[in-house]
Every structure is written in C-alpha cells, then in structure tokens.
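Here are a few friendly notes to read alongside the model. Keep the structure open and look for each residue as you go.

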Amino acid sequence: MPFQFSRRPNRAAEIAWREWSEAVAQATADDRPLFLCLTTTWCQWCHALDEGAFSDDIVISTLNRSFTPARVDVDERPDIALRYSLGGWPTVACLTPEGETIAGGTFLTGAELVDMLDNVQGAWISQRDEFAAEVTELRMATAALLRSLREQPAVRALTPEFLAFVTETALSAFDAEYGGFGRAAKFPRADILETLLLMEDARARTVLERTLDALTAGEIHDRISGSFYRYAAERDWSAPHTERLLTDNAALAIVFAQASRLLARPDLAATAAGIVDFMNSALWIPTEGAFAHALAAGDGDDCGPTGGCPTYTDANATAIRALVWVETVFPESGHGTRAEEVAGRLWSRRSARGLLARTPNGPDCYLNDQLTMLEAALQLNDTGLGEPGDTHNDLWLNRAEELWAAIDSY
C-alpha cells in the first residue's frame, strides 16, 4: 500500500522511503545502514515526527545520502513491529543491512535524530569489523536457539506456581493511589486485568476492581462516546492521548463484562455495553461487514468508517469476543448477531492453506490472526447463543478444529 504521512504540512515524503523487503535488498547491495521508521496512521506522535524531524533539511539529506530508509506501518507488518519496537510508536532505528540494531529510539526531535545519524555514520566507517563480528555471533546464537527449541520445545503449563508468579508481578506494579500499573504514563492493560479475573485471590480482586473504577472515572474514559483512549500521559489517568483502538476497546469490553459477573456489578456491564455501542457507531464499516481498527486523535485525520482503513483479522476477532460477552450480560442486545456476521466475514478470508488472511486480500502468515480467530470461534461455540449440540454450535466447533489443524500444520 502507498506510504501514509501526516495530513498536516510536512516534508516526510521527500525522504526516499522504501518498503521493508526492498530496503533490505537495497541496503545490502549498497553496503549502507538501514534506517527504519515504525509508524501508524492513527498515532499523533507519528504525525508529529513527520512534521518535525522528518521535515528537517539535514535529516532529509542525510537519510537520502547515507542510509537506506524503510517505512513500515506497524498494523500492516506486526512481525517487523514486534522485532524492532523500542517501546512504542513511532520507533526509529538504524540497522545493519542484515537487520541487527545499531541505535534507535522512539519520538526524536530533529536535532536528536541528526546526532543519532551522525554517530551511526561514524561508527559505520570506523567499526565495520566489529559490526560484522557481532552480526555473525548473533546469527549463530539465533540458529542455535531455534535448533534447541525445535528439538526440545518448552512446555509452559499454567501451573499454580506460574499463576502465583503472575499475580505477584501484577500486584507489585499496582498503583494503590490511582489504580492501574506503574507510576508514570498509564495504559489500561486489559491483558493483565483479564488474567486477574482468573485469580482466586482477594488481593487480585481488589486490584482488578480498583483499576476498573479508576479507568471508568478517569479522563482516559470518554464518557460521551463510551470508548477508552489508548493511554493517559499522567499517573492519575489524566492528559489522555486520544487515539482509540478497536483492539484495546474490545479487550476492555471483555474485561468489564466478565468483571460485572464476577463482582456482581451491573455498572461494569453498562461500561462494557457503552464500549460496544462505540464500536458499532464509530468503527463499523457496513461494506466490509467488519470494524475499522482505529480512530486517530480528534483532528479529522482518522481511520474510521470513512477513512478507507483496513479491517484487520486479529482486532476483529477480539471484537467478536467483546460482542459475545456483552450479549451474555444483555441477552436482548442483538450483539450476538453482529458477532456471527463478523465471524463469517473473517472466515471467508481463509486461504488455500486453511489460514486466515490478515485483511481481505492480505497475507495469511501471522499467527496472532489465527489464534484470536480460534479463540473467537471457541467462544461462539461455548456461549449461550445456541444450545449445546445444535447446528450453530457445531458449526463453530468444527471451524475451530479446522483452523487448529491448519495452525498445527503450517
């Protein structure tokens, strides 16, 4: 797909960006370091990088003269994002042509980026032998690790000891004053909260309930739309960065719906329903039969139903689970019907290998797309939307088994 830049005035397009695979080949041929930018269409700091450092004369000329610049949308290439993220978006990194990291950071000013590029250029000239030796050593270590994992795959059972470790880890990071985890910028961390739902531990329940209450009361919660912003810049959940992601909101809807049952709190169920209402009103794309993956910060530069954005499989599979969970706490809501509609659309993305493509015409190579759809199919089978053994439930159980067979094969 064509590169996406901030819609506000900027000069980022003057940099000779290449797609990832093309950039790797070109850097190898030219024997130049790679410059990687991991960015998104919905992140305001990514837009600010385009308008700031990537519009700087020295940065533009240095990248075009001495580097091979690669620009990667993290939603399109989650594999590259997972490997090279340095803590969030944007990430910028200087790499060897073999893909090993030399230096990097997240958001940088023009002056900071110029310093990094100058340092890397100097090291590239004076320390080539050291770079070559380190790359060789890293590749040998990686090959040995992969060989070991294939010969003796690790089995990580959810033992009581492991669950106790997870509980203690979460509790040690809990902010007793403001809820949530950590003492700086706060993310909702639905993954931790969903894990705490499994813990038969009074402290875990307290952490869960206090964090859900803090989320609901904080500025990170847009009570007008019912949605949650991506994160808050301050410890007390204030100064939110106002991007809204489908995955984050769907995951929170699941947690609030489950917690409403566990804690006998109807107000938490209402919060879950509000999130799903937001998904249906702001992110639903009727022509796709699926949800857009994000709304950018409120400057009109959005990725919603009118933004022509892709509908990613993993985010929509999480949305299916959210719809089903809200249907279980509000049985007359009709959300289950939409959940099955989305599931049917995602199922139509299966390739000849039996795996799901990331987008309607995208690659089928991402494990997370398969696993989130497998989880959604099992939940469709396992909920009260149909009686055990009827055609509805057998359909999704059979599909889950088919998908698992494909995952296992490939």
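1. Start at Leu 196, which touches Ala 170, Phe 181, Ala 204, Val 207 and Leu 208, leaving aside residues up to four places away in sequence; contact means heavy atoms within 4.5 Å. This is a predicted model, where local features need pLDDT of at least 70 and side-chain atom pairs count only at pLDDT 80 or more, while totals for chains, interfaces and linings use all residues. Residues are numbered from 1 along each chain as its sequence is written, and side-chain values use heavy atoms, without hydrogens and water.

2. Leu 196 is also one of the members with the most contacts in the largest nonpolar core, together with Met 279, Ile 320 and Met 373; that core has 72 residues. A nonpolar core is a set of buried Ala, Val, Leu, Ile, Met, Phe, Trp, Tyr and Cys residues joined through side-chain atoms within 4.5 Å, and buried means under 20% relative accessible area, with a 1.4 Å probe and protein chains only. Helix H10 (residues 246-262) contributes the most, ten residues; helices are DSSP runs of H or I, at least four residues, numbered from the N terminus.

3. A second, separate core has 21 residues, including Ala 27, Leu 34, Cys 43 and Ile 80.

4. How many disulfides does the whole structure have? The search finds zero, a disulfide being a pair of cysteine sulfur atoms within 2.5 Å. For Cys 43, the nearest cysteine sulfur is that of Cys 46, 3.2 Å away. Cys 43 counts as buried because its relative accessibility is 2%.

Methods:
Buried means under 20% relative accessible area, exposed over 50%, partly exposed in between (1.4 Å probe, protein chains only). Helices (H or I, at least four residues) and strands (E, at least two) are DSSP runs, numbered from the N terminus.
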